[in-house]
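Please find below a short note on the structure, prepared for discussion.

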Amino acid sequence: MSDLSTLLPPFMMRVAGAGDLSNLIRLSGGANMESWAFDWGGGAYVLRRAPSAEYMEGRPYGHSVEAALVRAAHAGGVKAPEVIGVLSDADGMGTGYVMRRVIAEVSPAKILAAAPRSLVADLGRELALIHALPRDAIPAEIPVMDTAAALAELKARFLSYGGDRPAIALAVKWCEDHLPEPADPVLVHGDYRMGNVMVDADGLAAVLDWELAHLGDAHEDLAFGCMTVWRFGMLDKPAFGVGSLDDYFAAYEAAGGRPVDRDRFKYWLVYRTLWWALGCLQMGQAWRSGADTTVERVVVGRRTAEQELDIIRLLEDGAPAAERAAPLPPSPAAAAAPVGEPTTQEMVQAVRDWLGEAIKPQAEGHGKFQVAVAMNALGIVMRDLGAGIRAEDKALAGDILAGRATLADPGLLARLRRAALDKCAVDSPKYAALAAARAAWNG
């Protein structure tokens, strides 16, 4: 923060005029990309940045292109933030850009607890506006997505990560078998979901985080925010946790969006669930490589189990009725209760309790967020030590990828269901879909 306190004023003087820097604070979340809120000259701003060029390696385009896209969206009537300046190497703050701060709510929990009645229609309308941005307004560096090539890349990543998670193999195989015909490309935001939109009393106020934008199938954007994980427990409201798909699609089409193809929508729902499952696994790879050694990386890496559960729920209707009705096999036996010296599990519990009781109450801002992440990590370790659960089964995953094993095989669906329930109970016991799956599967 001390560096930013020194380096931000001359930058702001250049792009916004005279003023004084105050209330500089890092916003919660974002282990790689940082967001800093601050005031300058009577206005409120946000700096979005990566602290070094290394953080941007492997991305299809940098912050200067991202900022140009956000500016184009804002000029085209989309509720994108107003970019006022882009960092250069001479500014000494890494790469990034400064936006005027939108004063609205971004927390999914708070938004969904009291969502404005217009919100599902707002989300559909805004997405139609994004998809309608003319090609000549979009920076030339924004890539075009080839769905078949992107799926092949996901499969290659899965194999590079061990290729040993049967539920992920099931999604890869299903996507290969149901690959849609290419669509006329539009600008796809790529991360259009709760957590990346801001809402006030009047409805949708801003669309954030444009770093995954590309040209591709509009249905990818339509589906992403409807994934179970991005509905934050609102399982009865399939459109963003806010409303019905019918209302969402109707608003999108009424605002000029192309007619929604429900089969294509499901494809992208499965694809992006697969994409995020592999994205979670990638977090673990980033930690192992030393590229990102934050605790948040390893915790998010264990959220793969959520997506595996969702994959099975999305694809189980492809199994015969008898397999869908089959009972689940039992879970592995729990570890025996400890006697004698403290177990590793009990020692982890002691450290976790200490963090919660002695450290977290004293922490503030991003530090408090980091303590919460560390406590979450220790909770996973505690449950894992006593459960004896493993998700890996390379032989079965290979058989599914090759088509030698399918959901028509006796007992396979029940086996996959049990594995998903047990793994998710260790890694994400509060995940809302876990309780729903238990009830549906009598697990």
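The numbered points below refer to a predicted model.

1. Disulfides. A search of the whole structure finds 0 disulfides. For C175, the closest cysteine sulfur is that of C280, at 16 Å, which is too far for a bond, given that a disulfide requires sulfur atoms within 2.5 Å. C226 is likewise in no disulfide, and its nearest cysteine sulfur, that of C175, lies 16 Å away.

2. Burial of the cysteines. C175 is buried, with a relative accessible area of 0%. C226 is also buried, at a relative accessible area of 3%.

3. Packing of helices 6 and 15. Helix 6 (residues 166–177) packs against helix 15 (residues 394–402) at an angle of about 10°, and their axes are 8 Å apart. The two helices are therefore roughly parallel. Helix 6 contributes P166, A169, L170, V172 and K173 to the contact, while helix 15 contributes L396, A397, I400 and L401.

4. In helix 17 (residues 432–441), the buried residues are A433, L434, A437 and W441. Viewed down the helix axis, these buried residues fall within an arc of 105°, so they line one face of helix 17. In general, an α-helix has 3.6 residues a turn, so residues three or four places apart point the same way. The face turned away from the buried side carries the exposed residues A435 and A439.

5. Surroundings of helix 17. The cover over its buried residues includes helix 11 (304–315) and helix 16 (412–427). After helix 17 comes N442, which has a positive phi, near 55°.

Methods. Residues are numbered from 1 along each chain as its sequence is written. This is a predicted model: local features need pLDDT of at least 70, side-chain atom pairs count only at pLDDT 80 or more; totals for chains, interfaces and linings use all residues. Side-chain values use heavy atoms; hydrogens and water are left out. Buried means under 20% relative accessible area, exposed over 50%, partly exposed in between (1.4 Å probe, protein chains only). Axes are lines fitted to C-alpha atoms, for helices over the stretch in contact, and angles run from 0 to 180 degrees between N-to-C directions. Helices (H or I, at least four residues) and strands (E, at least two) are DSSP runs, numbered from the N terminus. Angles under 35 degrees count as roughly parallel, over 145 as roughly antiparallel, 65 to 115 as roughly perpendicular and the rest as oblique. Contact means heavy atoms within 4.5 Å. The arc is that of the directions from the helix axis to the C-beta atoms.
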